[in-house]
Amino acid sequence: MRLRLEAEQAAFRKGTVEEERTINGMRESRKSGKAFSFAILRRDTGTRARLGRMSTNHGDVLTPAFLPVGTRGTVKAMSPWELRDIGYEMILANTYHLFLRPGCDLVKEAGGLHAFMGWDRPILTDSGGFQVFSLSPTLEVAEEGVRFRSVYDGSEHLLTPEMAVASQEDLGSDVAMILDHCVAYPASREEVESSVEVTLGWAERSRAAHSLKSQALFGIVQGGTYADLRRRSAAETARMDFAGYGIGGLSVGEPREVMLECLDVQAAILPEGRPRHLLGIGDPEGLVEAVARGVDIFDCVLPTRLARNGVAITRQGRMNLRHAVYRRDLRPLEEDCPCPACASFTRAYLRHLHGLGEILGHRLLTWHNLVFMQRLLLDCRAAIEAGRMVQLIQEWRGYSERIPRE
Ligand SMILES: [Zn+2]
């Protein structure tokens with residue numbers, strides 16, 4: 001294991017990493033060192049789902065893909081090589097947190113985020129917009145940017161679209177995102193209309209400020225739950241010709257049908273040949289439905305956060321190990337799961353570790369939940385190849401109401 005990693009690290013430094021793998025029968029061999037591109041390899045016959053390949057300077061990402069979230073430059077409880085072993089090809093890091101701690105300038109000095117955190121595969125960074133509006137007491141939103149207080153020490157900061165771009169250039173991520181104005185759900189039409197206008201203005205400025213050739217810049221569409229505003233936001237943002245598009249402001253508490261309607265509206269407008277990233281969705285049913293609507297990339301803290309709260313995501317539903325029923329349960333979390341938690345340990349042991357706050361408990365549950373998500377996305381890719389996304393949607397329907405059998 002260690003030898004292989006050292007060899008890969010050396011190849012990475014020389015810029016000669018050669019990726020070779022087999023996914024659903026397609027053998028691929030590609031060299032790194034090329035600009036960003038996106039290719040659609042296959043389409044589902046019954047839905048808008050597509051199987052794609054996003055190529056970046058740090059390698060390829062097969063889509064649909066789920067990106068584990070490395071909030072502060074680390075996917076909590078997991079090492080980079082463990083994420084690689086699960087098969088993850090890309091992770092997401094939060095600019096907001098890295099901007100405040102340790103500072104994007106320091107990350108740049110360390111050689112960029114890939115070198116700083118020891119992850120040599122692609123990284124997507126968000127702009128910090130979502131955290132500024134959801135975590136921080138926001139002081140003022142003006143045309144110039146947004147003033148907010150740090151969630152760490154209450155200090156006051158200004159974030160402009162230009163600063164969000166410059167910070168992500170310092171981080172050296174493969175995909176950066178524009179600063180967007182997020183509103184909470186529910187929001188009045190006036191509030192959403194204003195957030196769409198502000199975001200469009202910021203998108204123009206972000207595009208003008210962006211200069212790092214090795215990094216792709218994604219626009220973000222907003223529009224709350226108003227179909228006409230969603231349409232306007234998608235059409236105007238697409239006109240600016242970004243390398244890809246984030247779909248923001250969804251999965252924030254609105255009913256699932258509403259979210260899916262919004263996705264339908266925007267999928268019809270966003271350019272077919274560019275990747276689409278639905279920000280912040282991690283529930284299996286919603287994710288499969290979104291894949292069927294042509295979404296390519298997902299990220300969410302849910303699988304890793306649930307794990308630290310003692311919850312395993314299984315096909316039978318969410319399994320809360322704090323429940324006393326698991327105290328003497330000597331079965332694995334899931335019979336057919338290949339993760340280390342399921343291969344070697346019982347529910348009773350994992351419950352015991354979690355109850356005492358043991359580090360291994362956090363690690364094993366996180367491992368399991370991330371393997372679960374990766375298998376879900378592999379199932380989506382296989383379903384697209386076989387033209388059976390409609391059946392896959394049926395299999396996952398009603399997932400959130402499922403309770404694991406005891
Ligand atoms: Zn498992």
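These questions and answers walk through a predicted model of one protein chain.

Q: How many helices and strands are there in the chain?
A: The chain holds both kinds of element. The count is 16 helices and 19 strands.

Q: Which radius of gyration does the chain have, and why does it agree with a compact globule?
A: The chain has 406 residues. A compact globule with 406 residues would have a radius of gyration near 22 Å. The value for the chain agrees with that: 21 Å.

Q: What box do the C-alpha atoms of the chain fill?
A: The box is taken along the principal axes. Its sides are roughly 60 × 50 × 50 Å.

Q: Among contacts between residues at least 6 apart in sequence, what percentage join residues at least 24 apart?
A: Start with the contacts in the chain between residues at least 6 apart in sequence. Then keep those that join residues at least 24 apart. The share is 67%.

Q: Is helix α11 mostly covered or mostly uncovered, and how many of its residues are buried?
A: Helix α11 spans residues 284-292 and is mostly covered. Its buried residues include P284, L287 and V291.

Q: Which elements do the buried residues of α11 pack against?
A: Both helices and strands are partners here. The strands are β16 (276-279) and β17 (297-299). The helices are α10 (256-267), α15 (359-386) and α16 (389-396).

Q: Which residue just after α11 takes a positive phi?
A: The phi in question is about 90 degrees. The residue is G294.

Q: Where does the cis peptide bond at P64 lie, and what is its omega?
A: P64 is in the loop between β5 (59-63) and β6 (65-67). The cis bond joins T63 and P64. Its omega is about 5 degrees.

Q: Which residue is joined to P186 by a cis peptide bond?
A: P186 lies in the loop between β13 (175-177) and α8 (189-209). The omega of the cis bond is about -5 degrees. The partner of P186 is Y185.

Q: Is D241 buried or exposed?
A: D241 is found in the loop between α9 (227-239) and β15 (244-247). Its phi is positive, near 60 degrees, though it is not a glycine. It has 10 other C-beta atoms within 10 Å, and 12 or fewer is the cut-off for one class. So D241 is exposed.

Q: Is S251 buried or exposed?
A: S251 lies in the loop between β15 and α10. It is not a glycine, yet its phi is positive, about 60 degrees. It has 22 C-beta neighbours inside 10 Å, and the cut-off for one class is 20 or more. S251 therefore counts as buried.

Q: Why are the buried residues of α14 on the same side, and what arc do they cover?
A: In helix α14 (residues 347-355), the buried residues are R347, L350, R351, L353 and H354.

Q: Are α14 and α15 parallel or oblique?
A: Their axes come within 7 Å and cross at roughly 125 degrees. That angle makes α14 and α15 oblique.

Q: Which residues make the contact between α14 and α15?
A: The crossing of these helices is left-handed. From α14 the contact uses L350, L353 and H354. From α15 it uses L360, G361, L364 and L365.

Terms used:
Residues numbered from 1 in each chain as written. Predicted model: local features only at pLDDT ≥ 70, side-chain atom pairs only at ≥ 80, totals over all residues. Helix = DSSP H or I, 4+ residues; strand = E, 2+ residues; numbered from the N terminus. Rg over C-alpha atoms; globule rule 2.2 N^0.38 Å. Contact = placed C-beta atoms within 7 Å. Axes fitted to C-alpha atoms, helices over the stretch in contact; angles between N-to-C directions. Parallel < 35°, antiparallel > 145°, perpendicular 65-115°, else oblique. Left-handed = near helix turned anticlockwise from the far one by under 90°.
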